[in-house]
Every structure is written in structure tokens, then in C-alpha cells.
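Hello,

Here is the structure I promised to pass on. Please open it and keep it beside you while you read.

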Amino acid sequence: MFRADLHCHSNFSDGEYSPKELLERAKEAGLSAIVITDHDSIAAYSELGENLPVLLGRGIELSCDHREIPVHILGYDFEFPSKVLSDHCARHQEMRKERLEEIYNNLIKMKMHLPPLDLEEEKKSFGRPHLAELLVEKGYAKDVQHAFKLFLREGCPAYVKGPSFSVEAGIDLIHRAGGKAFLAHPHLQKRKNLLRELIALPIDGIECYYAKIPSHQEQHWVRIAEDKGLLISGGSDFHGMSKPMSPFGSSWVDEERFWKIFSKDRVYV
Ligand code: AMP
Ligand code: ZN
Ligand code: FE
Ligand code: FE
């Protein structure tokens, strides 16, 4: 059976595995296709070989906000290379680093003994999970989730908001790069009014299937997407061991849904 996991992260952002390793693991997991959706990065697409183990569609997960609330927008099937996208990513990766340095400095002010923050690696889109790893390494938290709960999530004393980038601008950016924009994991958004506003924006689709959420929740989003004439995506949000509750391939779309989103000449084989 054709199963395509349209949401996972490589080590170009906060995933554990390289794009090549992800493709191999996808094959082992019995998937037919995947899409790597790194946070504000398309670097995974710059160094692919030929004869990939499974099909690979193009993707990105943009960090946006709406009324000051973080919202993730998935961009699929864009042109590559894309100047508008790579310019955006370069700018945002810089701002991500500045934000992490601020959070890191707050943790130091809280008298925590952490190793120096190394954000030098080129082409990498750093995020809070990188700080979580330092906190775990130094024994301040038992795992990444615990580090988020204690120190890194919104509302914690060290927390600093990410750079401001509106959902409208995110959708427009994906469209200018010739891609399709999807609202990611809407079930994580608890404010109903906000969701109504988001769905009314010019998105192309909704991520209805996600990790291991209950199927009645998935069906709720499928009905909304179908009502609005929107495309349907789904994926595990696999990161490796830092998110054990999202195993690779735990959510997916079938062949028909895959080819409604991705074009033959933009999929790597
Ligand atoms: P950032 O983009 O720096 O704001 O970091 C957001 C990323 O951190 C998310 O995409 C997840 O990969 C990860 N994350 C957020 N909350 C948690 C959590 N509670 N436990 C583990 N990882 C999380
Ligand atoms: Zn992530
Ligand atoms: Fe996300
Ligand atoms: Fe994600």
C-alpha cells in the first residue's frame, strides 16, 4: 500500500537524522514517499543523490504567528531553487539564533551551568530543541519534553517569543515560490475563533492526519477541509528520539492525496 508521510524533520533543523538517513528509515518503515519539512529551512533539498529509496516531495515548515500566537504553515511542492524562500530562510535562521541566545542568557541568569552555546554550523536552522538537549545533558531535565515543560515552553521564565512573521505573509511566500500552503497540526490550536480566522485565509490545505491523534479528530479536520474544498495532508512530525510520541509513518496520506499536492516534475525519485 502506498503511504506518504508528509511531515518530518532532518538534522538541518531539529531532527535527529540526515536527509539520507530519513529516506533509508522511511523505506524500512514501509513508506513509499516522504516530505522533509524542516523549520524555516530548505537545505535538505540542496544535496540529494539519485535513486532515492522512496519518493521525496519538497516541503518546509514556516514559523508564523497570528495575533501573537505561534502558527506553523507547511509549504509543499515549491520551486527549487527559490530565491524568495532561501532569502526568507537565511533571515529567519539569523533571528532564530538571536532568540536562542536570549533564552540561553536567561537560563544563565537563572544560575544554570550550561556549556557554551554553539550556533556556528552553517545551513542549520537552530531551535529550542537544541537548548533542550543542553539542559538534558547537564541533568536539569530528564528528557527534551521535560526540558520544554520546565524551562522552554511559552510562559516559562526563560521563554522569549520567536521573530514575528504573519501567517498571511507565510502563505504569500509559499505562493510566490510556486508552492501550496497548508495549516499544520490545527488540533494543537485551542482557540476556536483563531482557527476560524486561519481557515478563512487563502490556504490550499489542512494537515488533517497527524502523528497519533485519535481518528475522530482527524475526521473532524477532513470534514472541514472537504467542506471548504481544501486539500488534505498528513504526517508524523517525526524528529527522532526527541519526540518519541511521533514515530515515522504514524500518519500518512494515500497515493491519490499525495499526487493532488505534488507534481511529477518536482518529486525526487
Ligand atoms: P522553535 O521553532 O525554536 O520555537 O521550537 C519549536 C520546536 O520545538 C517544535 O517544532 C518541536 O519540534 C519542538 N517542541 C515544541 N514543544 C515541545 C515539547 N513540549 N516537547 C518536545 N519538543 C517540543
Ligand atoms: Zn521541530
Ligand atoms: Fe509544527
Ligand atoms: Fe514539525
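This is a predicted model: local features need pLDDT of at least 70, side-chain atom pairs count only at pLDDT 80 or more; totals for chains, interfaces and linings use all residues.

**Ligand 1**

Start with the pocket. Ligand 1 takes up the space of the largest pocket. Around ligand 1 there are 13 residues. The nearest of them are H39, R96, R99, R128 and H239.

What kinds of residues make up this shell? There are 3 nonpolar, 5 polar and 5 charged residues.

Which helices supply the shell? Helices α2 (83-109), α3 (128-137) and α4 (144-152) each give at least two residues. The largest share comes from α4, with 3 residues.

Now look at some polar contacts. R96 places a polar side-chain atom 3.0 Å from an oxygen atom of ligand 1. H239 also uses a polar side-chain atom, and here the distance to an oxygen atom of ligand 1 is 2.9 Å. R128 uses its backbone: a polar backbone atom lies 2.8 Å from a ligand 1 oxygen. How much of ligand 1 does the protein bury? On its own, ligand 1 exposes 500 Å², and the protein buries 79% of that.

**The zinc ion**

Next, find the zinc ion (ligand 2). Its donor residues are D14, H39 and H239. Along the sequence, the donors follow the spacing D-x24-H-x199-H.

Where do D14 and H239 sit? D14 is in the loop between β1 (4-8) and α1 (19-28). H239 is in the loop between β7 (231-235) and α8 (255-261).

**The iron ions**

The iron ion (ligand 3) is coordinated by E61 (OE), H72 (ND1) and H185 (NE2). These distances are 2.0 to 2.2 Å. The donor spacing in sequence is E-x10-H-x112-H. H72 belongs to strand β4 (residues 69-76), and H185 lies in the loop between β5 (180-183) and α6 (192-199). That pair links parts of the chain 113 residues apart.

There is another iron ion, ligand 4. E61 bridges ligand 3 and ligand 4, and these two iron ions lie 3.5 Å apart. The zinc ion (ligand 2) is 4.6 Å from the iron ion (ligand 4).

**Two backbone details**

First, some background. Most residues other than glycine have a negative phi, and most peptide bonds are trans.

Now check F80 and P81. A cis peptide bond joins them, with omega at about 0 degrees. P81 is in the loop between β4 and α2.

Then check D40. Its phi is positive, about 50 degrees, although D40 is not a glycine. D40 lies in the loop between β2 (33-36) and β3 (55-66).

Best wishes

Conventions. Residues are numbered from 1 along each chain as its sequence is written. Chains are lettered from A and ligands numbered from 1 in the order in which they are written. Side-chain values use heavy atoms; hydrogens and water are left out. A residue is near a molecule or strand if one of its heavy atoms lies within 4 Å of it. A polar contact is a pair of N or O atoms within 3.5 Å; within protein, one must be able to donate a hydrogen and the other to accept it, and residues adjacent in sequence count only if both atoms are side-chain atoms. Accessible areas come from the Shrake-Rupley method with a 1.4 Å probe; for residues, only the protein chains shown count as cover. On a 1 Å grid over the protein atoms alone, a cavity is a set of points where a 1.4 Å probe fits but cannot get out, and a pocket is an open set with protein on both sides within 12 Å along at least five of seven lines; lining residues have an atom within 4 Å of a point. A molecule sits in a cavity or pocket if more than half of its atoms lie within 2 Å of its grid points. Helices (H or I, at least four residues) and strands (E, at least two) are DSSP runs, numbered from the N terminus. Ala, Val, Leu, Ile, Met, Phe, Trp, Tyr, Cys and Pro count as nonpolar, Asp, Glu, Lys and Arg as charged, and the others, Gly among them, as polar. Donors are N, O and S atoms within 2.8 Å of the metal (3.2 Å for Na, K and Ca); water is not among the atoms, so sites may look incomplete.
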